[in-house]
Structures are given as C-alpha cells and as structure tokens.
Amino acid sequence: MATRINPSILAADFVNFERDLGRIADADLVHVDVMDNHFVPNLTFGLPMVQRVQEVSPIPLDVHLMIDDADRWAPDYAETGAFSVTFHAEAADDPVALARRIREIGSRAGIALKPGTDPEPYLELLPEFDQVLVMTVEPGFGGQKFMHEMMPKLRSVRTAAERAGLDIWLQVDGGVTLETIEVAAENGADTFVAGSSVFAGGDPADQIRMLRERAAA
Ligand code: DX5
Ligand code: ZN
C-alpha cells in the first residue's frame with residue numbers, strides 16, 4: 001500500500017508559508033486546515049489564502065474544511081485547483097451531492113469523521129468518495145494527543161472499503177508522530193497528516209522521511 005505524508009501548515013509559520021512550503025517539498029500533499037470559528041472553536045484562513053497557497057506551493061493541496069455550510073463553500077475550494085477537498089460529515093446537508101460536485105470540478109472528494117461521529121451511516125456512501133479522514137483528536141487545534149481509541153473506527157472504514165473493492169485513501173489526522181504513525185498504519189491508514197511533528201521537531205524534510213519509513217515498517 002502506498003504511504004502518503006501530508007504535513008499540515010497549521011503548524012507552519014503563518015507569515016512565512018512560502019518558505020515553509022519549500023521545506024516540505026518532499027511530502028506528498030500539503031494539508032490545509034480551514035476553520036471558521038463555528039464548526040470548530042478556532043479560526044484560521046479562508047479562500048483567498050488557500051488560493052495563494054495553491055499558487056506558490058511546490059506540492060498539491062489537501063484541503064480540510066472544518067466549517068459550517070460546506071455545501072456552500074466546498075466547491076469554491078475545489079475551484080482553486082486543490083487536489084482534494086474534504087468536508088465534515090455533519091457540515092453538509094447532502095454529502096453525496098456535494099462529493100459529486102467536488103469531483104465534477106476536478107478535485108478528489110473526502111469526508112471527515114470527528115471522534116464522536118459514528119462511521120456506520122457513511123460506510124454505504126464510500127463509492128461516492130475518494131478519501132475518508134478519521135480524526136484522532138477533536139478538530140480545532142494542532143499539537144493534541146493522538147486518540148488510540150479511534151483505531152477500531154479506522155479499521156472499520158478500511159474493512160468496508162476492502163469489502164466494496166474500493167481503492168479509497170484512508171487518512172488519519174491529529175497527533176500523528178513517529179510514535180503513533182505505526183499503529184495508524186497497522187489499522188489501515190495510508191495517508192498521514194502531521195502538523196507539529198513535521199514543523200516543530202527539527203528539520204521538516206528529515207521528519208517527513210522518518211515518518212514515511214516508520215509508516216511503511
Ligand atoms: C486539527 C487539524 C489537524 C492539525 C494536526 O483540527 O485538522 O490537521 O493540523 O496537527 P497535529 O499534527 O499537530 O496534531
Ligand atoms: Zn486537518
């Protein structure tokens with residue numbers, strides 16, 4: 001199984017994105033956390049910033065929307081040319097219609113599940129999505145502790161995808177470090193979002209390489 005490392009620029013220097021993006025050029029995708037202070041109790045940046053990051057980034061964008069009213073906004077993020085656009089299950093009135101719209105525009109469509117979200121109702125919708133993001137922290141902030149209790153959820157999504165014969169990317173987000181990446185990989189994750197462990201643990205390029213090795217071990 002391919003392993004993807006997606007550093008989160010939430011942990012980068014907000015006034016030096018271009019410099020920090022250069023430091024993660026060996027990663028697969030850059031994870032961009034959009035927060036609106038409604039869906040989550042924190043605020044980051046919106047469309048104009050994502051548009052600009054898209055223009056200067058050496059690698060494609062993996063946009064994670066932690067916003068209300070995803071039906072209204074997600075297509076605009078896809079229009080920026082983002083490689084993937086992921087919205088939270090609860091944030092869309094019609095997740096299937098929204099995923100179809102995102103795909104139509106040309107981005108991969110992702111659905112995100114918070115720690116408290118039961119994956120069951122979404123498993124039958126998997127063919128409509130290219131990726132599933134399982135949160136291993138409460139969304140809103142970087143630097144939190146990895147929730148090991150989410151491993152059965154990760155496993156259940158992987159099993160459902162395999163049963164349906166789907167080549168879906170299974171993303172894990174929150175508290176991913178050299179210590180936690182292995183257990184996430186063992187439970188079926190193939191795409192790893194890492195903020196603090198990439199940007200606050202020494203040279204980002206070294207961190208990415210070590211995370212990749214650990215995930216594939
Ligand atoms: C949290 C975000 C994460 C965050 C992860 O709401 O969705 O992408 O950047 O940060 P770390 O890796 O520091 O937990
Ligand atoms: Zn995220």
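Q: Is Gly-143 buried, exposed or partly exposed, and how do I read that from the model?

A: This is a predicted model, so burial here comes from counting neighbours: a residue is buried if 20 or more other C-beta atoms lie within 10 Å of its own, exposed if 12 or fewer, and partly exposed in between. Gly-143 has 13 other C-beta atoms within 10 Å, so it is partly exposed. Its place is the loop between strand S6 (131–135) and helix H6 (151–163).

Q: Let me try another glycine. Where is Gly-175, and is it buried or exposed?

A: Gly-175 is also a loop residue, placed between strand S7 (169–173) and helix H7 (181–186). With 25 other C-beta atoms within 10 Å, Gly-175 is buried. If you set aside residues up to four places away in sequence, Gly-175 touches Thr-136, Val-137, Gln-144, Lys-145, Phe-146 and Thr-180.

Q: Now the ligand. Which residues come nearest to ligand 1?

A: Begin with the shell of residues around the molecule, then see which elements supply it. There are 21 residues around ligand 1, and Ser-8, Leu-10, Gly-142, Gly-195 and Ser-196 come nearest. Strand S2 (30–35), strand S8 (191–194) and helix H8 (196–199) are the elements that give two or more residues to this shell. By residue type, the shell has twelve polar, seven nonpolar and two charged members.

Q: UniProt has another "binding site" listing. Which residues are in it?

A: That listing, from an unreviewed entry, holds His-31, Asp-33, His-64 and Asp-173.

Q: What are the surroundings of Asp-33, His-64 and Asp-173?

A: Take each residue's element, then its burial, then its contacts beyond four places in sequence.

Asp-33 lies in strand S2 and is buried, with 24 other C-beta atoms within 10 Å. Its contacts are Ser-8, Leu-10, Thr-44, His-64 and Met-66.

His-64 belongs to strand S3 (residues 61–66) and counts as buried, with 28 C-beta neighbours inside 10 Å. Among its contacts are His-31, Asp-33 and Asp-173.

Asp-173 is in strand S7 and is buried too, with 26 C-beta neighbours inside 10 Å. It is in contact with His-64, Leu-133, Met-135, Thr-136 and Val-193.

Q: How do I read the two sides of a helix? Which residues of H4 are buried?

A: An α-helix has 3.6 residues a turn, so residues three or four places apart point the same way. In helix H4 (residues 95–105), the buried residues are Pro-95, Leu-98, Ala-99 and Ile-102. They cover an arc of only 100° around the axis, which puts them on the same side of H4. Ala-97 and Glu-104, on the other side of H4, are exposed.

Q: What do the buried residues of H4 pack against, and what follows the helix?

A: They pack against helix H3 (70–79), strand S4 (84–88) and strand S5 (108–113). H4 is followed by Gly-106, whose phi is positive, near 120°.

Q: Which contacts does Phe-87 make?

A: Phe-87 is in strand S4 and is buried, with 29 other C-beta atoms within 10 Å. Beyond four places in sequence, its contacts include Leu-65, Ala-74, Leu-98 and Ala-112. Phe-87 and Ala-112 are 25 residues apart in sequence and 5.8 Å apart in space, C-alpha to C-alpha.

Notes. Residues numbered from 1 in each chain as written. Chains lettered and ligands numbered in written order. Predicted model: local features only at pLDDT ≥ 70, side-chain atom pairs only at ≥ 80, totals over all residues. Near = placed C-beta within 6 Å. Nonpolar A, V, L, I, M, F, W, Y, C, P; charged D, E, K, R; others polar. Arc of directions from axis to C-beta. Contact = placed C-beta atoms within 7 Å. UniProt positions renumbered as here; feature names shortened; annotations may be inferred.
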